[in-house]
Structure formats: structure tokens, C-alpha cells
Amino acid sequence: MPIAPQARRCFLCPRACGAERTESSPGFCGADEAWQDFRVARVMLHHWEEPFISGSRGSGAVFFSGCALRCAFCQNRPISHDRGGDRLSPAALTAAVVTLLEGGAHNINLVTPSHYADRIPVWLERLKAVPAWQTRPVPVVWNSSAYETPASIAGLSGSVDVFLPDLKFASPGLASDLAGAPDYPPVALAAIQAMLRLQPDAVFGSDGLLRRGVVIRHLVLPGHWRDSLEVVRQLARSVPLQTPLSLMCQYTPQETRLAGHPELDRRLTTWEYRQVLDAALDLGFTNILGQERASANSAYTPDFAERLRPGRC
Ligand code: SF4
């Protein structure tokens with residue numbers, strides 16, 4: 001009588017949920033596909049990343065479905081929480097990415113890829129062998145929440161050129177309240193430090209586009225600018241001050257109010273944003289990218305389900 005294979009369980013991210021990642025036993029992140037496959041919501045030329053990522057022709061964005069962090073205020077909720085998207089084999093994902101390369105993408109931008117960190121290096125190796133890549137290789141961008149383990153990041157050595165991690169919260173209480181992850185602040189800082197070990201220097205091309213390095217993003221939330229001050233203080237103690245810092249004000253309220261968080265039902269004020277920007281400058285960060293008020297618009301959020309409403313911060 002054949003012995004049934006032991007179920008394979010996933011402990012890839014800090015959630016360490018141990019799920020089998022099957023339809024009947026999906027991960028906390030929502031992953032329920034076979035062990036070599038992906039679930040992808042959208043593959044597109046993205047023009048609303050930072051200018052040094054999107055350039056003039058757009059960033060080749062691959063929006064993975066699901067997320068291990070799942071913030072309550074997520075701007076990409078239809079794909080991060082609701083698991084919208086299609087299952088793609090590695091070959092199908094390669095074919096989709098080749099269309100981006102042929103469309104002129106400045107880079108391949110892997111958005112919310114953390115729950116696929118185990119298989120992405122193997123997939124990238126195959127991608128880099130196809131003629132379209134060999135003809136015009138581009139930087140690979142890892143665009144994540146930073147809710148990742150140092151081991152998971154170390155596994156990306158040699159595969160990823162640019163890291164675009166968020167640092168979302170400084171307070172364990174806020175991280176618990178808004179993402180159910182009280183361990184987020186130290187975990188994310190350790191992940192960012194692991195990224196800096198792989199790509200310590202930000203290198204820009206003559207065209208102004210980022211070729212390699214780490215750019216840390218922080219979205220200032222309405223009503224939580226004091227936590228944002230602590231975010232930039234923690235960063236100032238933990239990373240070199242020349243590390244590029246992208247401070248974002250693009251928070252857009254969702255259609256459905258978040259229970260218990262009336263402060264998140266509005267846009268950020270200029271005053272709140274300015275407190276954080278000034279603090280980062282005072283702390284000595286030398287490469288800060290700020291945003292203009294007009295960027296607080298759902299145009300920054302790709303239209304996955306036409307559920308986000310436009311507006312200004
Ligand atoms: S990557 Fe997903 S399935 Fe794996 S431990 Fe994290 S949440 Fe669970």
C-alpha cells in the first residue's frame with residue numbers, strides 16, 4: 001500500500017502559519033496554488049511609481065495576489081485581501097513578463113512578492129535565459145511590505161537589483177491594530193537591513209533611473225503622523241542616512257469605512273505630511289523623495305476592480 005506523502009507546509013514568512021497552501025488549506029497570505037505556481041492579479045506598465053522607477057516608459061509591474069501582512073487600510077485590497085487574480089505557471093508568467101519587456105518596461109517590478117520568495121529566484125533564472133531578456137536585460141525590483149525574514153531576503157542574493165520595502169509602522173500597538181502583526185516593526189527593520197546587506201549602494205543610471213540599491217518607502221497615514229515620526233527616527237538609528245527615503249502622502253480612503261478607525265476616513269493633511277518630511281530632513285536623511293498633494297489620487301493605485309475613488313490629500 002503506497003504511503004501518502006506528508007503534506008508540505010509553509011513557514012516562509014514571519015506569519016509562519018504552516019498552511020499547506022492548497023484550495024482547502026490556503027495560507028494566511030491567501031496562497032492556495034501549487035508549489036511552483038503563482039497567483040497574479042495584473043501585469044502592466046505602471047507609470048505611477050517613483051520617477052526613478054517608472055521613468056518615461058513605465059515600470060513592468062507584476063502584481064501578485066494575496067499578502068502576508070494584509071493591512072486594514074490596504075490600497076490594493078481587491079487583490080491583497082480578496083485574492084483576485086489568476087493562477088500562472090512559471091512559463092505563463094514568463095510569457096506575460098516578456099510582453100512587458102517588449103513594451104519597453106524599464107524594469108521588472110515584483111509587487112507584493114514575499115509569499116513567493118521561495119520560487120522567484122528559480123523563475124528569474126529561467127526568465128533571464130529567454131531571448132527578450134538577453135536582448136534587453138533590465139533591473140529586477142522587489143517591491144514589498146518588508147514583512148519578511150532575513151533568510152527569505154538572503155535567498156534573493158544575485159536575483160534582485162532594487163529593493164523597494166515599506167516601513168509602515170513603528171509602534172507594535174499600531175501594527176497590531178492595523179495589520180494584526182505586533183512584531184512588524186522589528187521584523188521589517190531586520191528585513192530592510194538584510195536588503196541593505198545585498199544592495200548597500202543606490203546606483204542611478206545617466207537616465208536617472210535606479211539600477212540597484214534600496215529605497216525605503218513610508219506612507220504617512222491620517223491621524224498617525226506621530227507614529228511616522230517614530231518610523232523615521234527608527235530608520236535614522238538603523239540605516240545609513242544616505243539611504244533613499246520615499247515619503248508618501250497618497251493615502252486614499254476606501255469606500256467602506258474601517259470599523260474603529262474614523263481617522264482613516266479622510267486624506268492626509270499637508271500639515272501632517274510636513275511634520276514627517278521636516279523630521280526626516282532634521283534627522284539628516286540626504287536622499288528624500290517627497291510627494292505633492294496631487295499625488296493623493298487613486299491614479300497611483302492601479303484599477304483592479306474599480307472600487308477606489310479618486311481625490312486629493
Ligand atoms: S507565506 Fe503565506 S502560507 Fe507561507 S507562512 Fe506566510 S502566510 Fe503562511
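**Entry 1: a term to start with.** I first needed the word for handedness: a crossing is right-handed if the near helix is turned clockwise from the far one by less than a right angle, and left-handed if anticlockwise. I also noted that this is a predicted model.

**Entry 2: helix 8 and helix 9.** With the term in hand, I looked up how helix 8 passes helix 9, and the crossing is right-handed. Helix 8 covers residues 184–198 and helix 9 covers residues 225–238. Their axes lie 11 Å apart, at an angle of about 40°. The two helices are therefore oblique to each other. Next I asked myself: which residues of helix 8 meet helix 9? I found Pro185, Leu189 and Gln193 on the helix 8 side, and they meet Gln234, Leu235 and Ser238 in helix 9. Sorted by class, the residues of this contact are three nonpolar and three polar, with no charged ones.

**Entry 3: helix 9 and helix 10.** I stayed with helix 9 and turned to its other partner on my list, helix 10, which spans residues 270–283. Here the axes come within 9 Å and cross at roughly 15°. From helix 9, the contact uses Trp225, Ser228, Leu229, Val232, Arg233 and Ala236. Helix 10 brings Trp271, Glu272, Gln275, Val276, Ala279, Ala280 and Leu283. I sorted these residues too, and got nine nonpolar, two polar and two charged.

**Entry 4: helix 3 and helix 4.** Pro90, Leu93, Thr94 and Val97 of helix 3 meet Trp123, Arg126 and Leu127 of helix 4. By class, I have five nonpolar residues in this contact, one polar and one charged.

Entry 5: Now for the gaps. Rolling a probe the size of a water molecule over the atoms shows where empty space is left. How many cavities of 30 Å³ or more does a search of the whole structure find? I noted four. The largest cavity holds about 90 Å³ of space. Its lining includes Cys10, Cys13, Cys17 and Cys29, and among the others are Phe11, Phe28 and His115. I count the lining by class as eight nonpolar, one polar and two charged residues. The second largest cavity holds about 40 Å³. Tyr251, Pro253, Arg257, His261 and Asp265 are among the residues that line it. That lining divides into four nonpolar, three polar and two charged residues.

**Entry 6: an open space.** Last, I looked up the second largest pocket, with about 160 Å³ of space. Its lining includes Leu196, Pro200, Asp201, Phe204, Val214, Pro240 and Asn287. In the whole lining, seven residues are nonpolar, four are polar and one is charged.

Technical notes. Residues numbered from 1 in each chain as written. Predicted model: local features only at pLDDT ≥ 70, side-chain atom pairs only at ≥ 80, totals over all residues. Heavy atoms only, no water. Axes fitted to C-alpha atoms, helices over the stretch in contact; angles between N-to-C directions. Helix = DSSP H or I, 4+ residues; strand = E, 2+ residues; numbered from the N terminus. Parallel < 35°, antiparallel > 145°, perpendicular 65-115°, else oblique. Contact = heavy atoms within 4.5 Å. Nonpolar A, V, L, I, M, F, W, Y, C, P; charged D, E, K, R; others polar. 1 Å grid on protein atoms, 1.4 Å probe; cavity = no way out; pocket = protein on both sides within 12 Å on 5 of 7 lines; lining within 4 Å. Points joined across faces, edges and corners; volume = space filled by probe spheres on them.
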